[in-house]
Amino acid sequence: MARANRHHIPGQVWHITHRCHKKEFLLKFAKDRQRWRYWLFEARKRFGLQVLNYTATSNHIHLLVVDNHMDTIPKSLQLIAGRTDQEYNQRKERNGAFWEARRVKIVVASIAHL
């Protein structure tokens, strides 16, 4: 099945979730969540990602972000996921995926939805 097109809606708030591969608890240690947060704030500095809120649980993350520019969210998520993956695999001397292939990106349609 083909993937759906990605949408850019300036000023729109998005709820993004991204799960660890096979629902594993790869973010169970504070150090791993801290490194994910480091890269989140690095994406904020580099690409101007506007983060409204976030949480990192032991096997997935949630982000509330504003879509300000066409490439901001994809570039930011690529940086955050890629660097988190690389650092974890190097530190644990493991190979393989850290994140599931697709993240879920849902438009926040109203305050009630939020």
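## Briefing: sheet, helices and loops

Lys-22 sits in the loop between β1 and α1. The model is predicted. An open sheet of four strands is present, with antiparallel pairing. Helix α1 packs on that sheet, and α1 also packs against α2. The largest nonpolar core holds 22 residues.

**Loop residues with positive phi**

- Phi of Lys-22 is near 55°, a positive value in a residue other than glycine.
- Is Lys-22 buried or exposed? Lys-22 is exposed, because its relative accessible area is 64% and exposed means over 50%.
- Glu-93 lies in the loop between α2 and β4.
- Phi of Glu-93 is near 50°, and here too the value is positive in a residue other than glycine.
- Glu-93 has a relative accessibility of 75%, so it counts as exposed.

**Sheet layout**

- In what order do the strands of the sheet run? The order is β2-β3-β1-β4.
- β2 (50–56) and β4 (104–107) stand at the edges. Each has a single partner strand, so one side of each is left without a neighbour in the sheet.
- The twist averages 15° from one strand to the next.
- In general, strands of a sheet pair through backbone hydrogen bonds, either parallel or antiparallel.

**Strand pairs**

- β2 and β3 run antiparallel and are joined by six bridges. In this pair, Val-51 stands opposite Val-65 of β3.
- How many bridges join β1 to β3? Eight bridges join them, and the two strands run antiparallel. Arg-19 faces His-60, which is in β3.
- β1 is joined to β4 by four bridges, again antiparallel. Thr-17 stands opposite Val-104 of β4.
- β1 is mostly covered, with six of its eight residues buried.

**Gln-50 on an edge strand**

- Gln-50 lies in strand β2, and β2 is one of the edge strands.
- The relative accessibility of Gln-50 is 35%, so this residue counts as partly exposed.
- Leaving out residues up to four places away in sequence, Gln-50 touches Leu-64, Val-65, Val-66 and Asn-68.
- Gln-50 and Val-13 are 37 residues apart along the chain, and their C-alpha atoms are separated by 9.5 Å.

**Helix packing**

- α1 touches β2 and β3 of the sheet. The direction of α1 makes about 170° with that of β2.
- Helix α1 (residues 30–47) and helix α2 (residues 72–92) pack at an angle of about 150°. Their axes are 9 Å apart.
- The crossing of α1 and α2 is right-handed.
- Which residues make the contact between the two helices? From α1 they include Lys-31, Asp-32, Arg-35, Trp-36, Trp-39 and Leu-40. From α2 they include Leu-79, Ile-80, Arg-83, Glu-87, Tyr-88 and Arg-91.
- By class, the residues of this contact divide into eight nonpolar, three polar and nine charged.

**Nonpolar core**

- In soluble globular proteins, nonpolar side chains tend to be buried together.
- Within the largest nonpolar core, the residues with the most contacts are Trp-36, Leu-63 and Trp-99.
- Trp-36 also takes part in the contact of α1 with α2.
- β1 (12–19), α1, β3 (60–67) and α2 each supply at least two residues of this core.
- Which element gives the largest share of the core? The largest share, six residues, comes from α2.
- Leu-63 touches Trp-14, His-15, Ile-16, Trp-36, Leu-40, Asn-53, Tyr-54 and Leu-77, not counting residues up to four places away in sequence.

**Ser-58 and the β2–β3 loop**

- Where is Ser-58 found? Ser-58 is in the loop between β2 and β3.
- Ser-58 counts as partly exposed, because its relative accessibility is 25% and buried means under 20%.
- With residues up to four places away in sequence not counted, Ser-58 touches Cys-20, Glu-24, Phe-25, Leu-26, Leu-27 and Lys-28.
- One of these partners is Glu-24. Ser-58 and Glu-24 are 34 residues apart in sequence, and 8.2 Å apart in space, C-alpha to C-alpha.

Terms used
Residues numbered from 1 in each chain as written. Predicted model: local features only at pLDDT ≥ 70, side-chain atom pairs only at ≥ 80, totals over all residues. Heavy atoms only, no water. Axes fitted to C-alpha atoms, helices over the stretch in contact; angles between N-to-C directions. Left-handed = near helix turned anticlockwise from the far one by under 90°. Contact = heavy atoms within 4.5 Å. Nonpolar A, V, L, I, M, F, W, Y, C, P; charged D, E, K, R; others polar. Core = buried A, V, L, I, M, F, W, Y, C linked by side-chain atoms within 4.5 Å. Buried < 20%, exposed > 50% of the residue type's maximum accessible area, 1.4 Å probe, protein only. Pairing = 2+ DSSP bridges.
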